[in-house]
Each structure stands twice: as C-alpha cells, then as structure tokens.
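Visitor: I'm new here. Could you show me how to read this one?

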Amino acid sequence: MNKETIKAKAKLVMVDDIDTDQIFHQSLLTIHDPNEIKPHIFGNLEGYKSFGKENNVGKILLVGKNFGKGSTRQQAVTGFLAHGIKAIIGVSFGPIYYSNSVNSGLLLVEVPGISEFNVKEDDDLEIDITQSLIINQNNGETIKCAKIPQPVLDIMKAGGLLKLGEIM
Amino acid sequence: MTSFTLIEKIIRNRTDSSDSEIYPNNIVWIDLDLVTARDYAGPQVIDLFQKNYTGSKTFNNEKIIFTPDCYPYGNDPKHAKDQEKIRVFAKEHGIKVTDLGSGIGSHLLFRRGFSKPGDIAIGADSHYNILGALGILGQGAGDVMLAFALKTGKSWIKIPETVKVILKGDYEWPTTAKDLALYVLKELHEYGITGKAVEFYGEIIDKLSIEERVTLCSLITEASGVIGFVPADKITTDYYSENGIEIEMLSADEDARYVSELVLDIQNLGQYIACPPHPHNVKKIEEVIGIPINSIVIGSCTNGSSADIHDAAKILKGHKINPNVRFGVVPATREDFVSINLNGDMAIILESGGNFFGAGCSTCAKGQYGLTGGETAVTLTTGNRNTQGKIGPADVYLASPVVAAATAIEGKIAAPKEVVKR
C-alpha cells in the first residue's frame, strides 16, 4: 500500500453494532483456513447472509458504529482479507477488532459522520490518506475521516505487523 | 507549553513522535522497557517468532523475561510441554525465566525491581495494568503484538483519554483496599471508563501501601479501563530504595487535560462483594450475608500478597475452618511465601484447616488451583474474575481476604464478627 490514495467500489453493510458472532459465528471457531472462513462471513447477520458467496474482491466495505465488537476472534478479520476487501470504513470499531485488523494488515478508517455521506452500492470511492478525506467520485461528495495514524500506515505498507517486524 | 497527563508523559518519553502527536485517541509507536510472556500465550508467541523471524535474535535479551505463572507445576501434559518450550527458547536466546513457583509475573516486575515508575512493560496478561499502582505503564498484549515486540522492542498504543478520580474520605478496618477497589469498580463501571485511563488522587492514597494500591488498580480491567495510575510518590520511592533502586517520581502536569473529573466519597466505606456473574455486580456485604460457600481461595494479583494473607490469618487465628469449606491459599510470589512463613501466618492458617499451593496465579484464568468440579461448589475468592465457568459451573463471589476468612469460619458469607485491631 505504498500510495497516498485507495480507490475502490463501495459495498454497503450500514448496520450498527455488528458483533464478531454476526461476522463469524462462534460455532465455527475450529475453522482457521482463510478460504474456509470466507464463505461464512456475515453468515449470522440478517439481510447479508449471502455476502460470503458474493464476489466483493477489491471493494471498500462501509459499516456503521461499533463494528466488530465482542470477542477477540481473528477469523472475523481474516475473512475480509480472504474476500480481498481493501478497507473498512465505519463510524467506529471495537477496540480489539481494531488492533486485530491493523496487525493483520486490514485498513480500518473511522468516519464519525458517515450517515451524512451520500453513497450507493458500487459507487467509486477514494480514500485520500494525506488529506484524511473520503471522496465519492460518482457524485463529487467528500467527507472528512479521522487521521490515519502513522503506525497504522507503516503496518499497512508492510502488509501486517509481523511482516513489518521482518524489516525493523 | 503543552501539558500532559501521566500516561501521555510516559508515552512521550518512550516515542519518537513529536509533542504534537501526543493527544488522546492518536496512535503512536512506543519503545518498550520490558517484554514478557508466560505459560499462557508464551508458547504461541515463541511459535510466531520462530515462524516469522527464523534465525533472528530478539531485540535485547536483557529486556525480556518469561514468567510462567498460570499452570503451576505443569498440571497436565500440554502445559508441561508448553513450559518446556519457554525454557528451551529462553536458554537459546539468553532470556531470564522466573520459573514455576517464583510467582505472578506482574508482581515480580515490581517486587524484584525488573520494572520501575515511568517504564512501559507488556505481557500476555490482561491485569498487567496493576503496574499502574507504581506509575508503570503495564499493558496486556496479544500473541502477534508480543512476537513483534520480541523482535523489535516496539509496540503501538492508542493514547487513552484520562479520567481524574479523587477519593474523598477515609475508611477503617475491617474495610480494606479490596472493598475500596470493589466500590471504585462499581462506580467507575457505571460512570463509564471504557478505553480510558484513570489517575487516582486523594488523602487516602498517602495511607495505602504498594500492595493496597495494587489491589485498587487491579479491577480497572473489569471496568474496561486501560489502566489506573497511582503516581509515584514517597511510598513508591521507599519501596524501590529497599531494593537499592532509585526512581524518578513522574507525575501529571498540573494543568494536564483530563476528559473528566470524578469525586468518589469513601468516608466510612463499608465492605463489598462482587456477586455472580460479573465482577462489576458489586453489592454491600449486608445484602448477601448467609449465602453458603464451600470453596474459598486467597490469592491472585489482586489479593495474593503476604499482607493479604496476614489479613486472613488475623481472622482465622484460634478458629477452625468450617468442615464444609475447602480453603486454599496461593501466595502471589515466593517473597510473599517466605514472609508468611517467617511471621507465623502460614502455621495459623494450616492449624485452622487451610491449605497452601505453590506461588503463582490462582483462580482467575482457567486451569489453576481452585478449580471446582460440580454445580454445588459455590466459590468465594479474593481474585478479580467471577465469570461463570472460569472456576467451575457454580457461582463465584469476589471479596477481601478478611471477608474470605470470616466466611471460611462460618461456611457462609460473613463479615468479621470481632473487629481485630491492626
């Protein structure tokens, strides 16, 4: 991720308080292979149960507040990496989910005012990291996101915390 | 000039980030003074290190300690093998191990002077923030972060907002620091300190020993807080000087920016108990007196020190533990074990019908001493977790060593009948 902007199509899952059981149910905890985790993502989230079988490669996921609250399970992050999700934009994230994601190389972007941002499924979004802006290229709207901290950028660039450790 | 809270100051001294980067909710890289791991998660950390950094050295073997304290004497084959993995890796890399029977890692860090005020220490222990009692920034960390830290000596931290908590008033025996900690947990849980740091102030702080401060700070995790600090003072300085260690009394700036300030009235505080199923379900002891208890454990990083065991011994002296009660003591460290041997507390407790187990963690994490088997074994511990299923399938209560001892005599939850003078 050696660039200042990320461009991708939007995938909307604008639900608040999605917990890790809705992302990847606890009955599946013995599954660790990313490809086996993939079809189960959102398997317990009403209205989005087909997500696991859809093709959302290279998209940016938009969610509500407190995304990923609940347990420490890593599969709830791994599953989105397996789907090729580029980043998740949300109002806020569960603290453990945030650190699990960052350490695995999945970028999370906090946008407190996301509900006022006019965006439709498959709109072309751009995350401008330098200016902390999200741009909807289809309607020209922009919205401020929280500044992405330097350690997060360092970790994303390396492809995860353990990878960063190889070069430090 | 910018002003800083205690946690901001500690972070500021251990980061390359500029002062303009030190503000709540920002994330910065920090340099670690100490990286530790224990028999829970330690083996996974070693696996990750060896897989990702094959053939690499650690960042500095003198700033790493392995502190197996969870599964005393490898009480099943898996844990015995895990502990062996730690020893082999430590030997290969020249890393210190405080092996089985030494005690709880977080306690050894201050008891043996491995960590001092102003330092940052991380370990696979969600109660590493008890180190805040000495002005040390202690934090629990996951496998990935610890493996990265072993290699680089670095970690990242989201700078928390700080709540200033002023404890107003004083209390008297048999109310102890555990009652204070439980009351503060109840209040802070209601107030909401999720993801926040706390700094404790008030005249009472000047009267609390290091062990009592540790007890106070040990329940911040249960309120979802990041850490509770007692800024280093003369009591802290004296504590370290006994080990010949000089420390710096780091404190928050007078005009530091707190997210809020909370005054808690603790005048004539009574005795409290955490009831099932959450540590924050704290009630006055009067509400639960008489509930039958048949398993009691004195131990944990919250209340396993020699001072805590002494509190129990004072109540038990000359009494017999109720025949329906199994009573176990797990000293926090070897030093505590020695103290209670020298001052006669161990004999008092043994004569009253109590039992002793090797120094280390006790009931809070799974798999240690104090496990009960059935639906009928209702437990009271001096620890910090009463989550259903952690110790056994039945209810678990959390209380002070004084209440634990009084309960042991009666066989049901009891407040000490006789007030024993300190």
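This is a predicted model: local features need pLDDT of at least 70, side-chain atom pairs count only at pLDDT 80 or more; totals for chains, interfaces and linings use all residues.

Visitor: What pLDDT does chain B average?

Guide: pLDDT is the predictor's confidence in each residue, from 0 to 100. Chain B averages 94, and 97% of its residues score at least 70. For the complex, the predictor gives an ipTM of 0.89 and a pTM of 0.92.

Visitor: How many residues of chain B are in contact with chain A?

Guide: Contact means that the C-beta atoms of two residues, placed from the backbone, lie within 7 Å. Here 15 residues of chain B are in contact with 10 residues of chain A. On the chain B side, the largest share, six residues, comes from α5(B). Helices like this are DSSP runs (H or I, at least four residues), numbered from the N terminus.

Visitor: Is α5(B) buried or exposed?

Guide: A residue is buried if 20 or more other C-beta atoms lie within 10 Å of its own, exposed if 12 or fewer, and partly exposed in between, with C-beta atoms placed from the backbone. In α5(B), 10 of the 10 residues are buried, so the helix is largely enclosed by the rest of the structure. Among them are Met145(B) and Phe148(B). After α5(B) comes Gly153(B), with a positive phi near 75 degrees.

Notes
Residues are numbered from 1 along each chain as its sequence is written. Chains are lettered from A and ligands numbered from 1 in the order in which they are written. Helices (H or I, at least four residues) and strands (E, at least two) are DSSP runs, numbered from the N terminus.
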